[in-house]
Amino acid sequence: MSMLIKNGKLVTENGFESVDILIENGKITEVGTQISADAKQIIDAEGKLVAPGLVDLHVHLREPGGEKKETIATGTMAAARGGFTTVAAMPNTRPVPDSKDQMEWVQRKIDETASVRVLPYASITVRELGEELTDFAELKAAGAFALTDDGVGVQSAGMMLEAMKRAAKLDMAIVAHCEDNTLINKGSLHEGRKASELGINGIPSVCESVHIARDILLAEKADCHYHVCHISTKESVRAVRDAKRYGIKVTAEVTPHHLLLDEDDITGNDANYKMNPPLRSKADHEALIEGLLDGTIDFIATDHAPHTSEEKEEGIQLAPFGIVGLETAFPLLYTHMVETNIITLKQLIEFLTVKPAKAFGLPYGELKAGAPADVVLIDLDEAKEINPSEFLSKGKNTPFSGWSCKGWPVLTIAEGKIVWEKGVVTA
């Protein structure tokens, strides 16, 4: 199967350049200004931005065990609609992928139902209980991409050090949800002005930052690649910045919602603003942007976390943590960070493609000959309001409903196959 994309707009250091891309048998075979080829399918991308398929290394697909919220099929359809061609699925499912048999089940389900590439995480500890390490070698052989207990932090320093030592020997990353359980304070929002105003217990910033600081020193001792999930506080940014200065192998991600919102944006008792980590203070918000710009934070990940409408209607104190993000990430960030001149379009594309891929040594996120044919076409001029009822994800839980955004993906190609095209899932 061959495909030729004609007249796309490629963003470079010097602005936009017209580009053609030839795809054959799932691979990019040529990228140039004027390609002539007898392709079976020709796509006219005139006026559209052409970019590598987006890479999201932090999503929750909920299957098995949470199919009312999301499935691998619906989550990856949402990914395709958002321009993502690679997603990494967190292991806080039921059952947890903590054994060879369970990892193989997950991999079979991915093969049967996913619209885009899914990299499955395995858990660090059995059932994510923090009591017994899983068999990392067995899980890697069964398809595990990396290791994390996302959703909870590994509380024992001794267990985390042993996990890092074993992971380093296998060249696997330890990916951490950082939260010291002794400091959570049964909170639902950030410990700050908004939590006080609503009379709700707050989660202190030190709950996250002290855990990151501990893990950084453990990673130094174990010589392990340590990755911080959804960093949210200025103290956490400082800890990662210092660690990089000392050459410790640490990477970090930030979510679109932490880049665009802070606690002052929370409108009353609305659980669509409840996520973990919570929306922090204005000073934290500014530190995250500074950290992204100076390279402390490596890339952006959505932490796509679907829940049912019934669960989110319980209010901030009772509803589960998390919001969806796969279908809104690019237009939100383009409209509210690129068009406002906080970052450039080239930087945004890199934060969502090559930077997450390089952080984990993955061969994705670039448009070049020999690379997997993962491509997204985006209409930078199309403007419309975010409407959760249009989401392909089962989750409609977003605080961005009604926000006006530009820059919507219009066609997504994964490994040479069109998997989404302007409202129609074709995979």
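Helix H11 (residues 329-338) is largely enclosed by the rest of the structure, because 9 of its 10 residues are buried; buried means under 20% relative accessible area, exposed means over 50%, and partly exposed is in between, with a 1.4 Å probe and protein chains only. The buried residues of H11 are Ala329, Phe330, Pro331, Leu332, Leu333, Tyr334, Thr335, Met337 and Val338. Helices (H or I, at least four residues) and strands (E, at least two) are DSSP runs numbered from the N terminus.

Please keep in mind that this is a predicted model, in which local features need pLDDT of at least 70 and side-chain atom pairs count only at pLDDT 80 or more, while totals for chains, interfaces and linings use all residues. Residues are numbered from 1 along each chain as its sequence is written, and side-chain values use heavy atoms, with hydrogens and water left out.

**The sheet E6-E7-E8**

- An open sheet is formed by 3 strands in the order E6-E7-E8, with parallel pairing; two strands pair if DSSP finds at least two bridges between them.
- Strand E6 (54-59) and strand E8 (117-120) are at the edges with a single partner strand each, so one side of each has no neighbour in the sheet.
- On average, neighbouring strands of this sheet are turned by 20 degrees against each other, direction ignored; axes are lines fitted to C-alpha atoms, for helices over the stretch in contact, and angles run from 0 to 180 degrees between N-to-C directions.
- Over 4 bridges, E6 pairs in the parallel sense with strand E7 (residues 84-89), and valine 55 has threonine 86 in E7 as its bridge partner.
- E7 and E8 run parallel and are joined by 4 bridges; alanine 89 has proline 120 in E8 as its bridge partner.
- In a regular strand the side chains alternate between the two faces of the sheet.
- E8 is covered on both faces, with Arg117 and Leu119 buried on one side and Val118 and Pro120 buried on the other.

**The sheet E9-E10-E13-E14-E15**

- Here 5 strands make an open sheet in the order E9-E10-E13-E14-E15, and the pairing is parallel.
- The edges are strand E9 (147-148) and strand E15 (299-300); each has a single partner strand, so one side of each is without a neighbour in the sheet.
- Strand E14 (residues 250-254) and E15 run parallel and are joined by 2 bridges, and glutamate 253 has phenylalanine 299 in E15 as its bridge partner.
- Helix H7 lies across strand E13 (226-228) and E14, and runs at about 150 degrees to E14.

**Helix pairs**

- Two packed helices are described by the angle between their axes and the distance between the axes.
- For helix H1 (residues 72-81) and helix H2 (residues 100-113), the axes come within 9 Å and cross at roughly 55 degrees.
- H1 and H2 are therefore oblique to each other; angles under 35 degrees count as roughly parallel, over 145 as roughly antiparallel, 65 to 115 as roughly perpendicular and the rest as oblique.
- H1 passes H2 in a right-handed crossing; a crossing is right-handed if the near helix is turned clockwise from the far one by less than a right angle, and left-handed if anticlockwise.
- Ile72, Ala73 and Thr76 of H1 make the contact with Val106, Lys109, Ile110 and Thr113 of H2, where contact means heavy atoms within 4.5 Å.
- By class, the contact of H1 with H2 has 4 nonpolar, 2 polar and 1 charged residues; Ala, Val, Leu, Ile, Met, Phe, Trp, Tyr, Cys and Pro count as nonpolar, Asp, Glu, Lys and Arg as charged, and the others, Gly among them, as polar.
- For helix H6 (residues 206-222) and helix H7 (residues 234-245), the axes come within 8 Å and cross at roughly 15 degrees, which makes H6 roughly parallel to H7.
- The crossing of H6 and H7 is right-handed.
- Glu208, Ser209, Ile212 and Ile216 in H6 meet Glu235, Ser236, Ala239, Val240 and Ala243 in H7, and the residues of this contact divide into 5 nonpolar, 2 polar and 2 charged.

**The E17-E18 hairpin and serine 404**

- Strand E17 (residues 404-414) and strand E18 (residues 417-421) run antiparallel, joined by 4 bridges, with alanine 414 opposite lysine 417 in E18.
- The hairpin of E17 and E18 has 2 residues between the strands, and glutamate 415 takes a positive phi near 50 degrees there.
- Serine 404 belongs to strand E17 and counts as partly exposed at 47% relative accessibility.
- Leaving aside its neighbours within four places in sequence, serine 404 is in contact with Thr335, His336, Lys384 and Glu385.
- The C-alpha atoms of serine 404 and asparagine 387 are separated by 9.7 Å, and the two residues are 17 residues apart along the chain.
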